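This report goes through strand pairing, helix packing and side-chain contacts in one model. The sequence and structure are shown first.

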Amino acid sequence: MNRQKKITLPMIPLRGLVVLPYMILHFDVGRQKSIKALEEALAANQLVFLVTQHDENVKDPSIDQLYLTGTIAKVNQILRMPGNVVRVLVEGISRGELLKMTVDDYAVADILEYMPETLDVENMDIEALVRKTQSICEKYFEIENKIPPETIAAIMTAEDPGRMCDVITGNIDVSVKDKQLILDSFDPRARLERLILILSREIELMKLEEDIDAKVKEAMDKNQRDYYLREQLRVIQDELGDKDGIGAEVSAYREKFAALKLSDEVHEKVEKELDRLLKTPPGMGEGTVIRNYLDWVADLPWSISTKDCLDIKHAEKVLNNDHYGLLKVKERILEYLAVRKLSDGMKAPILCLVGPPGVGKTSIVRSIATAMNKNYVRISLGGVRDEAEIRGHRRTYLGSMPGRIINALKQAKSNNPIMLFDEIDKMSSDYHGDPASAMLEVLDGEQNNTFRDNYLELPFDLSHVMFVTTANRLDSIPRPLLDRMEVIEISGYIEEEKFHIAKNHLIPKQMKMYGLSKSSMKISDEVVHDIINYYTREAGVRNLEREIGSLCRRAAKHIVLDGKKSVSVSGKNLESFLGAHRFGFDLMKKEPSVGISTGLAWTEVGGDTLDIEVNVMRGNGKIELTGHLGDVMKESAMAAISYIRTRTEEYKIAPDFYKNCDIHIHVPEGATPKDGPSAGITMATALVSALSGYPVRGDVAMTGEITLRGRVIPIGGLKEKSIAAYRSGIRTIIIPEENIKDLEEIPGNIRNEINFVPVSFMEQVLKTALAKVPEKAEFSAVNNEMVHRPATDSVISNRI
């Protein structure tokens with residue numbers, strides 16, 4: 001066992017240094033408290049406690065920031081240096097454990113001193129450890145080759161194993177952590193075992209370093225040899241007049257650039273790069289970098305442009321032949337062509353086509369390019385999150401290349417193409433930068449005439465490029481970027497539009513793809529409508545095209561297997577080709593119902609009807625909302641309840657219904673998320689019906705947001721909602737009065753068939769929505785019991 005005793009000594013925290021027993025070394029002290037501790041030690045018994053900090057950047061460490069094992073050392077000499085620094089020579093004596101630290105003018109430590117312990121070297125285990133340590137130490141010193149011979153001899157002849165470990169550790173170049181690990185070992189046996197592991201690891205590391213040094217030296221020798229040979233080759237080429245050498249290559253580049261009509265700035269930059277290429281020895285990596293740069297500059301269409309076709313009738317014909325509908329986009333392009341014909345100096349518009357997937361946003365841009373005789377190039381921005389994707393990488397990086405804008409211009413081979421940025425709302429950002437910020441310059445007509453790619457570092461005029469972007473949503477596009485674009489919203493196709501697209505475009509395309517002719521396959525109009533209504537549910541026509549393709553493949557199979565000359569598909573045999581119906585839609589409820597009202601919803605795949613059910617039960621005022629509703633929809637329900645509480649007397653509802661009744665509001669198809677404020681008046685109507693017992697007409701649908709005061713405010717998606725109501729057989733729709741302006745967007749045949757009832761207040765909604773009361777028993781919240789109501793006109797309607 002180690003002999004121990006408690007002592008108190010001045011303490012000096014060490015930074016990046018571990019002092020072990022039996023070590024004699026000097027170090028510099030600069031902290032005033034540490035200098036004061038040295039002075040106190042000299043004034044007493046010359047003993048000081050040295051302990052290492054965990055973090056050498058901490059100026060005044062606490063006890064938690066120090067290793068708890070240190071070394072009691074004797075101060076042999078102090079030498080004051082310039083700059084208020086003291087150089088001290090110390091000799092390690094023994095280990096000590098830090099128990100307590102107090103700091104005033106200097107640090108004082110309460111220490112538990114451990115007196116050195118001597119091992120029995122006659123013990124075979126100890127002798128084996130000592131021999132192993134000496135053997136590994138010899139290997140280490142052979143590789144390190146920096147330790148004086150007398151030090152090595154002293155280590156090898158040491159009789160005390162513990163002291164031998166401390167001396168070895170003090171003379172090897174290992175980390176502070178490893179040295180502290182040896183210092184923490186009070187037991188000499190454990191000290192030997194730890195030292196063996198540390199030395200073994202250090203030997204392996206030094207061998208790896210030697211291998212690396214040898215490889216580096218070999219590579220340097222090869223580079224020097226290659227340089228010598230290249231210099232000889234250069235001299236030979238000079239003597240031969242540089243036939244087919246770098247000079248000929250530079251001349252070829254100059255001929256290319258002369259034909260491009262470059263600006264002065266670009267020409268000056270190119271000449272500098274050509275001079276660098278001339279001075280670069282053949283075979284050097286720098287030469288490859290310069291050649292790549294010159295190739296990019298030479299391949300860009302600096303002065304190459306196509307002549308625009310400004311024939312409006314031709315453009316209109318091309319657009320109509322390629323796409324059905326999309327009137328807003330076509331009209332905007334024709335307007336641009338008309339203005340271009342009158343004024344040649346007009347800048348191209350920057351359009352943003354926004355709409356659900358599959359409505360033809362991308363394909364209409366290709367048709368615009370065809371109609372205007374422009375080259376077309378597409379850049380997909382989905383998932384782009386690095387600014388360098390847009391602006392390019394600087395040439396300081398290995399493998400640098402221009403951004404997507406310059407690369408697209410190279411592909412387009414003209415400086416006035418139509419450039420499509422597809423899915424601009426799908427860009428993101430990370431630590432590499434924000435690509436949306438880089439797009440601000442590209443899509444700004446006042447700045448993009450001097451667009452500089454990081455790779456080229458030259459201005460390129462993008463003002464002649466016609467930019468078109470596409471997106472599914474606007475809320476994910478940064479506001480500054482959105483402000484630079486002219487937004488054209490494209491709504492989903494209605495059934496009639498899908499029918500014409502299928503008849504005029506999709507069916508001929510798929511029949512041609514699968515080798516079918518008009519005589520070999522006949523598809524009735526009824527089949528097209530059934531595929532639209534029962535086999536697809538989308539805003540666009542992608543799935544419709546897939547189903548038509550599936551129909552054509554099965555028809556081709558019947559023709560080949562059964563030997564038929566033609567196949568006819570009708571409504572009766574459609575299921576044998578495509579299987580059972582996958583989708584359906586709710587038809588109008590003819591009978592009035594208490595507590596059930598029909599709303600209208602907008603979805604990404606078009607409009608849909610939405611039943612809202614309300615049950616009122618005896619209870620204590622609990623309100624339950626189910627059907628996977630979003631926060632906005634839940635808030636609409638609470639607003640409707642608050643409005644009804646202010647109208648209880650008017651609607652013959654018990655004033656305390658919110659205390660004595662539990663209300664459950666449910667929207668069917670609970671697996672489908674639902675949100676938005678447009679179901680506000682629908683919920684309010686169902687609540688009034690359930691609380692008063694007056695039924696809601698089954699042939700009426702409604703949409704509108706409700707306020708706490710009962711005002712009905714406008715909503716969006718009226719076109720899609722109206723089409724959904726028409727499809728379900730509903731011919732009366734209640735809409736906010738401020739949405740009357742949106743009726744023009746609804747197809748004329750549907751607008752003429754539906755009776756639109758504009759309203760501004762909830763009372764007007766109830767007047768239209770509530771039906772005559774049939775003579776039957778209903779639960780009423782007036783007195784919390786079943787009552788029998790006479791079949792008279794609605795009390796609400798009479799009162800309004």
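Two strands pair if DSSP finds at least two bridges between them. The model described here is predicted.

**Antiparallel strands**

A hairpin connects E5 to E6 through three residues. E5 covers residues 85-103 and E6 covers residues 107-114. The two strands run antiparallel and are joined by eight bridges; within this pairing, Val 103 has Ala 107 of E6 as its bridge partner. Ala 107 is also the bridge partner of Met 11. Strand E1 (residues 4-14) is joined to E6 by eight bridges, again in the antiparallel sense. E6 is mostly covered, with six of its eight residues buried.

E5 also pairs with E4, antiparallel and over twelve bridges. E4 and E5 form a hairpin as well, with three residues between them, and Gly 83 in the turn has a positive phi of about 85 degrees. Ala 73 of E4 stands opposite Val 48, and the bridge partner of Ala 73 in E5 is Gly 92. Strand E3 (residues 47-52) runs antiparallel to E4 (residues 69-81), and four bridges join them.

| Strand pair | Sense | Bridges |
|---|---|---|
| E3 and E4 | antiparallel | four bridges |
| E4 and E5 | antiparallel | twelve bridges |
| E5 and E6 | antiparallel | eight bridges |
| E1 and E6 | antiparallel | eight bridges |

**The parallel sheet**

Five strands form an open sheet with parallel pairing, in the order E8-E9-E12-E7-E13. Strand E8 (376-380) and strand E13 (486-489) are at the edges; each has a single partner strand, so one side of each lacks a neighbour in the sheet. On average, neighbouring strands of this sheet are turned by 20 degrees against each other, direction ignored. Within the sheet, strand E7 (residues 351-354) and strand E12 (residues 466-471) run parallel and are joined by four bridges. Leu 351 has Val 468 in E12 as its bridge partner.

**Helices**

How do helix H7 and helix H9 cross? The axes of H7 (residues 246-258) and H9 (residues 285-299) come within 10 Å and cross at roughly 20 degrees. Because angles under 35 degrees count as roughly parallel, H7 is roughly parallel to H9. The crossing of H7 past H9 is left-handed.

Helix H2 (residues 124-144) contains Ile 136. This residue has 6% relative accessibility and therefore counts as buried. Ile 136 and Ile 203 are 67 residues apart in sequence, while their C-alpha atoms are 8.4 Å apart in space.

**Aromatic and charged side chains**

Across the whole structure, a search finds seven aromatic pairs. One of them is formed by Phe 657 and Tyr 658, whose ring centres are 6.1 Å apart and whose planes stand at 90 degrees, so the pair is edge-to-face. The cut-off behind this label is an angle over 60 degrees between the planes. Phe 657 has 1% relative accessibility and counts as buried, whereas Tyr 658 has 29% and counts as partly exposed.

Tyr 658 also has a charged group over its ring: the charged end of Arg 645 sits there, 3.6 Å from the ring centre. A contact of this kind involves Arg 395 too, whose charged end sits over the ring of Tyr 293, 3.9 Å from its centre.

Methods. Residues numbered from 1 in each chain as written. Predicted model: local features only at pLDDT ≥ 70, side-chain atom pairs only at ≥ 80, totals over all residues. Heavy atoms only, no water. Phe/Tyr/Trp six-rings, centres within 6.5 Å; stacked < 30°, edge-to-face > 60°. Buried < 20%, exposed > 50% of the residue type's maximum accessible area, 1.4 Å probe, protein only. Lys NZ or Arg CZ within 6 Å of the ring centre and 35° of its normal. Axes fitted to C-alpha atoms, helices over the stretch in contact; angles between N-to-C directions. Parallel < 35°, antiparallel > 145°, perpendicular 65-115°, else oblique. Left-handed = near helix turned anticlockwise from the far one by under 90°.
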